[in-house]
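Here is a friendly walk through one protein model, from single residues up to the whole chain. Please keep the viewer open as you read.

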Amino acid sequence: APRVAGALPDSSVVFEIKGTALAAQFLPPEFASTVLELVGDTVTGELFNNPRPGSTGVDDTELTATLDAARVNLAVASRVQNGVLKIGATPVVVRVRPTATMIDRYVGTKLPPGAKLAFSDAEPAFTLNASEVALPLDAWFVAPGAQPATLADVLRRAAAKVKLYVPALSYTQPALVGAGQAIPVALEQLVVEAQLTPKQATTVDVRGKISGAKAGGIALHASAADIGAFLEMKAAEPLPALTLTGDITGLPTALVDALAAQDGLLVDVLGTEVDVKLAGSFPSVPGRPLTADLKSAQASLKLVAQFDGATIVAKDAQGLDASVPLSPLFSERIVGKLVPLLVHATKPAGAKPVALSVSKFSLPLDGDLSKLNGTVTLDLGEVGYSLLPGFESALALAKLSDKAVASTTLEPLVIPIVNGVAGYDKLPVSIDGTQYFFTGTYDLAKSEMRFATELPLTLLGKKFSNDLDKARDF
């Protein structure tokens, strides 16, 4: 039969491309070396086109292709029908085999000093499968007189089931303060599954196993109401909101501590592993704050707050509630900041843990404490302590340092913080069996304090009273 005008021929193409290094000049500099490393010097492939009889252009045709390069392989069997690329139950398969230098190139500089992330296998491979695909092509093949569709709009109308298999990874780092010997962490059997459905939320599920001091796992679910919004973002705009739920069990605390640059504090407080539950949205949307529950053998912490990408904000009943041991680093870095007159706080054996809550707060993620606002309630309970060295010296001049009690049971302290300055109305210090209350402020950003109190003259002794009486008579 004569060929219809505009119809694609039934054809097959076998190709070989050499000298791929010439393509480097057309690639972004930060990716050029990686692309050339994956592709190598030669790319080979086959392309088959089998149009339906009587069809024109790419109206109804079957396309199959394979591509093989040094570290990349692709195989696809598809059909183009009515301007839509369709892939059935037989998936597109893309296999990429990265090198150790690639992970160092893009991740190494972002890790804490001395830490290393590496592939566990000698020949690691990422494998991506995409099936049940329906991809509109009107961003590339445009009808006469029509405007090309945007990629964001194409994504909103697309359908696909995508599964990504991630090679096993190992993470090592130097031992942290309070962490003892560092434990290597392995991330294995990591699979990411995504489903796109037109006019519905896009979903992503992440599953995997964690092995460190004990076995753990990852089971996270995320959904995006508008996947196209990610392509329409402008510079400096926050990410479109994701709804998150899931669990991470047996998470090595040293890994979280290092990535959060806490220098051993989280390990000291939580222990070697922690279980995490997540629910809510990120960045947060009204009515859907992010809830994070952390539990370990020795501590628990629950955070309900809103994240806008730059600040954590707790409103109304939201906030942070924690029950933690009075560990050395917690005593130094948290209690020492919140109760600056008392240092080296400890608890006797069997005493209740410290209860800490923070409400109606705004915490900047850039670490600038001058922007911190909120109300802290700290319940130390039965506690032993030393006085701040400068304060203890002042008491020594009045011969009172030996009367300052080194242990007591404190009532919960309520500490308002405004623009990084903590205020104290009745900060108790026990001297000679009596509690005296100090008022003042402590600037968390500048580590500057101002405190005052009233002491009865009898506490300072007869000599001081006699000297004062002489001064009055004069």
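## Serine 78 in its strand

Beyond its neighbours within four places in sequence, serine 78 is in contact (heavy atoms within 4.5 Å) with Thr61, Glu62, Leu63, Leu85, Lys86 and Ile87. Serine 78 sits in strand β4, residues 72–81; strands (E, at least two residues) and helices (H or I, at least four) are DSSP runs, numbered from the N terminus. Is serine 78 buried or exposed? With 11% relative accessibility, serine 78 counts as buried; the label buried means under 20% relative accessible area, exposed means over 50%, and partly exposed lies in between (1.4 Å probe, protein chains only).

A word on the model: it is predicted, so local features need pLDDT of at least 70 and side-chain atom pairs count only at pLDDT 80 or more, while totals for chains, interfaces and linings use all residues. Residues are numbered from 1 along each chain as its sequence is written, and side-chain values use heavy atoms, with hydrogens and water left out.

## Threonine 127 and its partners

Threonine 127 belongs to strand β8, residues 126–136, and counts as buried because its relative accessibility is 15%. Setting aside residues up to four places away in sequence, threonine 127 touches Val93, Val94, Arg95, Lys163, Leu164 and Tyr165.

With arginine 95, threonine 127 also makes a side chain to side chain polar contact at 3.2 Å. A polar contact is a pair of N or O atoms within 3.5 Å; within protein, one must be able to donate a hydrogen and the other to accept it, and residues adjacent in sequence count only if both atoms are side-chain atoms.

## Nonpolar cores

Which residues touch the most other members of the largest nonpolar core? They are Tyr171, Phe330, Leu338, Val339, Leu342, Phe361 and Leu380, out of 62 residues. Such a core is a set of buried Ala, Val, Leu, Ile, Met, Phe, Trp, Tyr and Cys residues joined through side-chain atoms within 4.5 Å. A second, separate core has seven residues, including Val76, Ile87, Ala130 and Val133.

Leucine 338 touches Leu356, Val376, Leu378, Ile415, Ile417 and Tyr424, leaving out residues up to four places away in sequence.

## The whole protein

The protein has eight helices and 28 strands, and buried residues make up 36% of its 474 residues. Among contacts between residues at least 6 apart in sequence, 57% join residues at least 24 apart.
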